[in-house]
Amino acid sequence: MKGSYYKRGNTWSYMLDVGIDPVTGKRKQKSKGGFKTKKEAQAAAALMLTELNTGTYVEEKKMTFEVLSDLWFESYQKLGNPRKLGTYRVREIERKRFLPFFQKLFVSDISHDLYQRTLIKLKEGETDELGNVVKKGLSDSSLSGSHSTGIMIFEHGVKIGALKTNPASGAYVPKDVKTVKDLEDNKEIPKYLEKDELVLFLETAKSHGLEFDYEIFTTLAYTGLRIGELSALKEGDLNFEEDKMRVTKTLYNPTNRYNLYVVHTPKTVSSIREIDVDHEVMSSLKDLLVQHSFEKKRKRNKYHDEGFVFARVGEYAGYPMVLKIINNRMKRLLKLAGLNQELSPHSLRHTHVSLLAEAGASLEQIMQRLGHSNDDITRRIYLHITKPKRKEAAQKFSELMRASKVLD
């Protein structure tokens with residue numbers, strides 16, 4: 001069997017004569033490209049020759065990356081958990097990042113080297129001739145997620161016979177190299193409300209808030225719930241006798257259209273929890289449910305009766321509140337109170353962490369209450385707030401030792 005090797009652009013390809021087609025009488029040829037060096041092309045050609053000679057060669061299907069990624073995504077949705085719609089949305093974004101590079105290429109022509117260079121390009125981003133950033137490169141976490149998706153797409157290709165090996169297997173994810181100074185300077189703390197600011201914010205919600213604003217933001221501030229967890233709360237999750245709240249689900253509604261919500265279980269087991277809640281907060285939620293009962297009677301057959309605690313009134317009565325509305329309402333109240341309008345409902349979760357730390361709660365207790373198994377932001381806030389106490393502890397130890405020396 002004869003073979004030839006040629007360079008196309010920056011990569012090498014091979015072409016092998018593998019005999020005569022018995023139907024057409026013409027020469028049969030096998031070719032493949034995308035190799036970084038001529039040696040890599042020769043090694044791949046040698047492997048194909050071995051497979052042809054031993055009868056183990058399997059013809060790869062001619063399929064573009066675009067088609068394969070569509071097939072994979074369809075299969076991924078069918079085999080996955082239908083409640084994890086947020087995950088599907090992320091995977092869809094991640095797979096589309098590869099389309100500008102691979103879209104019309106046959107997957108059998110995508111080599112490991114080509115895939116690796118693509119990861120590097122995604123990390124570096126794009127610049128124009130003057131060196132100005134045209135497209136920002138991906139963060140470490142975004143690139144890592146995209147690589148995971150790439151592995152799954154090509155693995156699906158191997159399963160259906162579109163390629164023999166997974167070109168993404170063994171590829172490394174280029175990451176930002178942090179210097180000692182970077183690590184030392186990484187002390188950024190997310191924005192949150194100080195205690196007096198929180199009091200002002202909640203007083204503003206009480207006196208100038210729209211319907212249910214005070215109950216919404218007081219609950220977020222006093223529990224540290226995620227916004228999706230708050231929107232998914234149902235009457236059965238509230239224990240008024242013991243002033244407890246069960247957190248077992250979250251609401252997903254990326255379009256912010258009230259009737260298109262989905263309630264599903266949290267991503268992690270640690271997110272499922274039961275927490276103690278201030279009695280006054282629980283009492284306000286009980287009053288809220290009473291108001292909903294009146295709305296049910298008024299609306300009767302039109303009320304969406306699924307037991308949501310933070311349900312709408314009027315149009316779409318009974319449907320859960322959505323993030324966009326809660327976020328807009330918070331900005332309105334922050335403006336009225338003269339506070340930082342860049343804060344979001346999630347900032348109240350950070351506020352809750354800071355006040356728990358100030359009150360003396362341990363990091364483990366805070367993690368459990370917030371439904372974290374491990375979270376860097378929570379840890380940073382905790383260490384920031386407890387820094388004076390840790391310094392005080394060190395001082396007490398020093399005083400104890402000095403006293404011991406005097407006694408000696």
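1. What is the order of the strands in the open sheet of three strands, and is the pairing parallel or antiparallel? The order is E6-E7-E10, and the pairing is antiparallel. The model discussed in this note is predicted.

2. The edges of this sheet are strand E6 (238-239) and strand E10 (273-276). Each of these two has a single partner strand, so one side of each is left without a neighbour in the sheet. E7 and E10 are joined in the antiparallel sense by four bridges. Within the sheet, Lys 244 is placed opposite Asp 276 in E10.

3. The loop between E6 and E7 contains Asp 243. Phi of Asp 243 is positive, at about 55°, although this residue is not a glycine. Asp 243 counts as buried because its relative accessibility is 17%, and the cut-off for buried is under 20%.

4. Phe 212 sits in the loop between H8 and H9. With a relative accessibility of 8%, Phe 212 counts as buried.

5. Next come two helices. Helix H8 (residues 195-208) and helix H12 (residues 323-337) have axes that come within 9 Å and cross at roughly 105°. That angle makes H8 roughly perpendicular to H12, since angles of 65 to 115 degrees fall in that class. On the H8 side, the residues in contact are Leu 200, Phe 201, Thr 204, Ala 205 and His 208. On the H12 side they are Met 330, Arg 332, Leu 333, Leu 334, Leu 336 and Ala 337. By type, the residues of this contact comprise eight nonpolar, two polar and one charged.

6. Leaving out residues up to four places away in sequence, Leu 334 touches Phe 201, Leu 339, Asn 340, Gln 341 and Leu 343. Leu 334 and Glu 197 are 137 residues apart along the chain, and their C-alpha atoms are separated by 9.9 Å.

7. Which residues have the most contacts inside the largest nonpolar core? They are Phe 201, Ile 216, Phe 217 and Phe 310, in a core of 35 residues. Two or more residues of this core come from each of H8, helix H9 (213-223), helix H10 (227-232), strand E7 (244-247), helix H11 (279-299) and H12. Apart from this core lies another, of 25 residues, which includes Leu 99, Val 107, Leu 138 and Val 173.

8. The last point concerns another strand. Thr 250 belongs to strand E8 (residues 250-252). Is Thr 250 buried or exposed? Thr 250 counts as buried, because its relative accessibility is 16%. Not counting residues up to four places away in sequence, Thr 250 touches Gly 228, Glu 229, Ala 232, Val 262, Val 263, His 264 and Thr 265.

How values were computed:
Residues are numbered from 1 along each chain as its sequence is written. This is a predicted model: local features need pLDDT of at least 70, side-chain atom pairs count only at pLDDT 80 or more; totals for chains, interfaces and linings use all residues. Side-chain values use heavy atoms; hydrogens and water are left out. Axes are lines fitted to C-alpha atoms, for helices over the stretch in contact, and angles run from 0 to 180 degrees between N-to-C directions. Angles under 35 degrees count as roughly parallel, over 145 as roughly antiparallel, 65 to 115 as roughly perpendicular and the rest as oblique. Contact means heavy atoms within 4.5 Å. Ala, Val, Leu, Ile, Met, Phe, Trp, Tyr, Cys and Pro count as nonpolar, Asp, Glu, Lys and Arg as charged, and the others, Gly among them, as polar. A nonpolar core is a set of buried Ala, Val, Leu, Ile, Met, Phe, Trp, Tyr and Cys residues joined through side-chain atoms within 4.5 Å. Buried means under 20% relative accessible area, exposed over 50%, partly exposed in between (1.4 Å probe, protein chains only). Two strands pair if DSSP finds at least two bridges between them.
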